[in-house]
Amino acid sequence: MISLLARRGLILLCVALLAGCDTIVLNPSGDIAAQQSKLIVISTLLMLIIIIPVIFLTLFFAWRYRQSNTSAKYDPEWDHSTKLELIIWGAPLLIIIVLGMLTWISTHTLDPYRKLSRLDENRPLSANVKPLVVEVVALDWKWLFIYPEQGVATVNELIAPVDVPVHFRITASTVMNSFYVPALAGQIYAMPGMETQLNAVINKAGTYDGFSANYSGAGFSDMRFKFHGMTQENFNQWVQTTKAEKLNLNRAAYLEVEKPSIKDPVRRYGSVDADLFHAILNRCVGADQICMDKLMSMDVNVKPVSKANEKVVSMLAQNQQAARGSDAEVCTTPPVTIGK
């Protein structure tokens, strides 16, 4: 009796512990995340078609052919069954085909770079709806969010109106991170010198957790932020309140924010340099740095027209020679002249 009560108590304890689990991935508030959660459920169910019978048959055979069961038929000469072979190979093959079809369709439908075509499964998105643009920068160890059209920025706080598509442009300052808001959409990597994108929408007002899902050093575990979904009216009010902040996120201020720190409080900037994200992306925030896009657009054969260009050409020539080997010669075809 005591043993029976103990077993039942253990089962109830497990159920109680599971009841406290956060199932935000399977019950999200954004349409993209909702579609992704359905894929998880469908894939799991398809795999259970194989897993459940295998587990059942394993237990059944262990019981059926136990040593004490002398009535079970023993046939040491049996080695093949065409029916069993068809079932063993046919069922997994069909499941793989179905999973392949789902993967092919969902890979294109849920491409993070693809513009949204709907707000949710019942509401298509009008073609003239303009998305909210948010520029995301993963720092050590905090998040910077720039709203270029609103002219404001925040640290460790992301705001978006409900039922409005959001276009994220994502990069990083030093090392690779991963931008992830489980309620909104799947994770997207943030890499220095590169831009990744994400299109998503939040369908329910509320406050959700966001964090980095890629280990990036000592302060990684505290690299978290709050994502607030609110009505358009409240969002507009938040923008006006943020604009009233005296802090200005210019290049000098960014270089201070960029310095490694842990558990940074929320900060709001009432103004931000228009080309700051471009400078961060192209790694030329400092006054003496040359933007990567400018470097890549120039060639070692370009004739210098200024001291600045002469310095760039010299750098590129040295890099090219180093890449080819110390004894390699730099190409000396006739140079061309470019404007400023």
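What share of the contacts in the chain with a separation of 6 or more comes from residues 24 or more positions apart? I looked this up first, in what is a predicted model, and noted 65%.

**Overall make-up**

I went through the secondary structure and listed eight helices and 17 strands. For burial, I noted that 36% of the 340 residues count as buried.

Next I turned to H2 (residues 31–64) and H3 (residues 82–109), whose axes come within 10 Å and cross at roughly 170°. Angles over 145 degrees count as roughly antiparallel, so I put H2 down as roughly antiparallel to H3. From H2, the contact residues I listed include Leu39, Ile42, Leu46 and Ile49; from H3, they include Ile95, Val98, Leu99 and Leu102. Sorting the contact by class gave me 11 nonpolar residues, four polar and no charged ones.

**The five-stranded sheet**

I then traced an open sheet with mixed pairing, in the order S6-S12-S11-S8-S9. From one strand to the next, I have an average twist of 20°.

Inside the sheet I checked S8 (residues 177–181) against S11 (residues 206–212): they pair in the antiparallel sense over two bridges. Which residue of S11 is the bridge partner of Tyr180? I found Phe211.

My last entry is for H4 (residues 232–243), which lies across S6 and S12 (224–230). H4 runs at about 135° to S6.

Technical notes
Residues are numbered from 1 along each chain as its sequence is written. This is a predicted model: local features need pLDDT of at least 70, side-chain atom pairs count only at pLDDT 80 or more; totals for chains, interfaces and linings use all residues. Side-chain values use heavy atoms; hydrogens and water are left out. Axes are lines fitted to C-alpha atoms, for helices over the stretch in contact, and angles run from 0 to 180 degrees between N-to-C directions. Helices (H or I, at least four residues) and strands (E, at least two) are DSSP runs, numbered from the N terminus. Angles under 35 degrees count as roughly parallel, over 145 as roughly antiparallel, 65 to 115 as roughly perpendicular and the rest as oblique. Contact means heavy atoms within 4.5 Å. Ala, Val, Leu, Ile, Met, Phe, Trp, Tyr, Cys and Pro count as nonpolar, Asp, Glu, Lys and Arg as charged, and the others, Gly among them, as polar. Buried means under 20% relative accessible area, exposed over 50%, partly exposed in between (1.4 Å probe, protein chains only). Two strands pair if DSSP finds at least two bridges between them.
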